[in-house]
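Here's a friendly walk through a protein model for someone meeting it for the very first time. Take a look at the picture, and then we'll go through it piece by piece.

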Amino acid sequence: MTLSRSLKYAVPALIAASLLVALPALAQTATDAATAAAPAAAPAAPKIDTGDTAWMLTSTALVLMMTIPGLALFYGGMVRQKNVLAVVGQSFACTALVSVLWMIIGYSLAFTDGGSHQAYLGGFAYAFLRPMGVGVTSSLAPTIPESVYMCFQMTFAIITPALIAGAFADRMKFSAFMWFMGLWLIFVYCPIAHWVWGGGMLGGDGVLDYAGGTVVHLNAGTAALVSCLVLGKRVGYGTENMAPHNLVLSLAGASLLWVGWFGFNAGSAVTANVNAGMAMAATQIATAAATLAWMFAEWIVAKKPSILGMISGAVAGLVAITPASGFVDPTGALAIGILAGVVCYLSAVHMKKVFGYDDALDAWGVHGVGGALGAILTGVFASNAVNSAGKGWLIDGNFGQLGIQAFGVVVTFFYCGIVTFIILKLIDFTIGLRVSKEVEVEGLDINLHGETVHH
């Protein structure tokens, strides 16, 4: 059996990531691992608040719902019928794979102290979560059990790579998809999450990202752009009808994303407090504004307001308000939503036509552009009166925050883009990224999974 066939039928990303990054941790003795817990662990007698814990348990479930079934339905309805199972299956498989990898090594790399390399990456002490006892808390969330905080961050790690799949829908091998999800999580998501939220260099430099504008959306969107460029266009792109097969599924998925996003943004307060309340208000206002902005922009240009446009606008608003949600007041949220709806409409619909790349489900046009826009606008509208951790330009006169936000965007874009390209080329060299033309024409459902959807 050739190397290519052997690799193809492996349990790819789990084995790869485990071998690549878990072995250094396994080399320690069990006693060393238990006693070498990261400084993120709180004092011996933590003050765990039941209200905060209840809210964060709820938020964790809400964010998980964003991927399954939310994103699965949102993406699944937008592809052609012959590929719907393949697309929804990607979200489901990604959820399972990332959950295991996060437990093995992902959480440790992203959210523990890396010692001498703390600015760039966490450590290995929390491999397999061995030091995480029942009553342990994290300094990043001192009023809830660390097990809850770990699971909350796990749901962010799940949805981020799953978002990328929208760009290469209809044409990537499932085996390549599994390899890509695992390697990308370890080598792209974990470092960037650590840089911004885990005590690394971007957070230390003052980059504001309340719930994932850079860590989640710009990160996933950049990887999406690189992925669709590396894989190339779908067979028949630009000449065949590739309209969504069931927009009812997509609307249901977008609605679940909207509801689940309150766990995403308001949950990022990590407490049931006034910050969570303002983040929830900002999220609702921006999302509604972006829905209307995209709808009216499309109505003016294309003469009809489409349902696909409305739900895409809602997601654009959710994306753009994510980094700003805990830093802006309702007026700032309204402005961010309106700008996101118009800008993401232009990027997803018209910029794609100008440059000719095949971002199948607009992962770059919405998440990449919307994430970058939201990150920059956080520097414009952040208000010290809303959150003492953030001072923006428009209200507080802190023009320098714009430069800091732009720096975070540039670093995230280039690191993610370069490493994503390397991972994709490595996979392509070993097992190949793309299905054959015959498989693509007939459909991924029947060829990759042996199943079809019948109406």
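Is phenylalanine 152 buried or exposed? Phenylalanine 152 is buried, with a relative accessible area of 1%. Keep in mind that this is a predicted model.

**The overall picture**

Let's step back for a moment. The protein chain has 17 helices and zero strands. Of its 455 residues, 56% count as buried. If you take the contacts between residues at least 6 apart in sequence, 78% of them join residues at least 24 apart.

**Rings meeting rings**

Back to the aromatic side chains. Searching the whole structure turns up 21 aromatic pairs.

With a relative accessibility of 14%, tryptophan 197 counts as buried because the cut-off is under 20%.

There's a ring cluster to look for as well: ring pairs link Trp102, Tyr107, Phe111, Tyr126, Tyr149 and Tyr189.

Now for the empty space. Rolling a probe the size of a water molecule over the atoms shows where such space is left.

| Pocket | Volume | Lining residues | Make-up of the lining |
|---|---|---|---|
| Largest pocket | about 710 Å³ | 31 residues | 18 nonpolar, seven polar, six charged |
| Second largest pocket | about 500 Å³ | 22 residues | 16 nonpolar, five polar, one charged |

Which residues lie nearest the centre of the largest pocket? They are Leu308, Ala348, Lys352, Ala360 and Asp362. Helices H4 (50-76), H11 (274-302), H12 (307-321), H13 (330-355) and H14 (363-381) each supply at least two residues of the lining of the largest pocket. The largest share, six residues, comes from H13.

In the second largest pocket, Trp197, Asp209, Tyr210, Ser268 and Val270 lie nearest the centre. Helix H6 (146-164) and helix H7 (174-197) each supply at least two residues of the lining of the second largest pocket, and H6 gives the most, with four residues.

Valine 270 has a positive phi of about 60 degrees although it is not a glycine. You'll find valine 270 in the loop between helix H10 (247-265) and H11, and at 12% relative accessibility valine 270 counts as buried.

Lysine 303 also has a positive phi, near 75 degrees, in a residue other than glycine. The place of lysine 303 is in the loop between H11 and H12. Is lysine 303 buried or exposed? Lysine 303 is exposed, with a relative accessible area of 62%.

Then there's a cis peptide bond: the one from isoleucine 68 to proline 69, with omega near 10 degrees. Proline 69 lies in helix H4.

**An aspartate in a loop**

One last stop is aspartate 170, found in the loop between H6 and H7. What does aspartate 170 touch, if we don't count residues up to four places away in sequence? Aspartate 170 touches Val79, Arg80, Asn83, Arg234, Glu440 and Leu444. Aspartate 170 and valine 87 are 83 residues apart in sequence, yet 7.8 Å apart in space, C-alpha to C-alpha. At 4% relative accessibility, under the 20% cut-off, aspartate 170 therefore counts as buried.

How values were computed. Residues numbered from 1 in each chain as written. Predicted model: local features only at pLDDT ≥ 70, side-chain atom pairs only at ≥ 80, totals over all residues. Heavy atoms only, no water. 1 Å grid on protein atoms, 1.4 Å probe; cavity = no way out; pocket = protein on both sides within 12 Å on 5 of 7 lines; lining within 4 Å. Points joined across faces, edges and corners; volume = space filled by probe spheres on them. Nonpolar A, V, L, I, M, F, W, Y, C, P; charged D, E, K, R; others polar. Phe/Tyr/Trp six-rings, centres within 6.5 Å; stacked < 30°, edge-to-face > 60°. Buried < 20%, exposed > 50% of the residue type's maximum accessible area, 1.4 Å probe, protein only. Contact = heavy atoms within 4.5 Å.
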